[in-house]
Amino acid sequence: QENPIVLITYYSQSGNTKTLAEAIQKGAQSVNGVEVKLLAIEEVEVSDLLAASAILVGSPVYNANIATPVQEFINSWPFEGRPLKNKIGAAFATGGGISIGEEGVMIDILRSMLIHGMIVMGGEEVESAFGASAITGEGSFSNEKMDEIFLNKGFGLGKRVAEAVLRFNFPEK
Ligand SMILES: Cc1cc2nc3c(=O)[nH]c(=O)nc-3n(C[C@H](O)[C@H](O)[C@H](O)COP(=O)(O)O)c2cc1C
């Protein structure tokens, strides 16, 4: 039998959300028994969504909201018959500044997932309760390299989602 698939997908203009997605990928890959796929949203086919047992979606914060291409991507998901029901869902986001949008963006993503009947979850620690988020442009977090604190949140989210997939092992609809 093939391993269940964890799909990590993101939109990223300047690379930050992709970097966080890669940390999530490492966390998911640290769990034996799952296949991990990392794709930009524009590369995702409906078949990728249907084949996945878990879907993690990441967006940059744009004017305190989810980036439009990410919302359009989610709006394109198949809904008739609710084929994404019972898949595990999680969110991640990067924002330039502290407390100017990332939490809202993650909640927006989780809300859309709930409409699809997905089972949503957050990260490992209370600091990633809504998902993994990173600040990329304020104070000491404006470095070229993403701060370790955020990469660890990403790793923890990926690991937790992969473990949940194995634990629940939802039957395919
Ligand atoms: C049009 C636009 C609007 C933005 N608005 C916000 C905002 O409201 N709050 C915030 O924290 N960051 C904001 N940012 C900063 C981005 O969220 C941040 O740089 C993010 O890490 C970019 O992700 P990326 O490198 O994956 O494209 C904005 C960036 C752009 C381009």
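Start with the shell around the ligand, whose residues divide into five nonpolar, 14 polar and one charged (Ala, Val, Leu, Ile, Met, Phe, Trp, Tyr, Cys and Pro count as nonpolar, Asp, Glu, Lys and Arg as charged, and the others, Gly among them, as polar). This is a predicted model, where local features need pLDDT of at least 70, side-chain atom pairs count only at pLDDT 80 or more, and totals for chains, interfaces and linings use all residues. For your selections, residues are numbered from 1 along each chain as its sequence is written.

Next, pick S12, N16, T17, P60 and G95, which come nearest of the 20 residues around the ligand (near means a C-beta atom, placed from the backbone, within 6 Å). Then colour α1 (16-29), β3 (52-62) and β5 (88-95), as each supplies at least two residues of the shell (helices are DSSP runs of H or I, at least four residues, and strands runs of E, at least two, numbered from the N terminus).

Finally, go to the loop between β3 and β4 (65-66) and select N63. Its phi is near 50°, a positive value in a residue other than glycine. N63 is exposed, with 7 other C-beta atoms within 10 Å (exposed means 12 or fewer, buried 20 or more, partly exposed in between, with C-beta atoms placed from the backbone).
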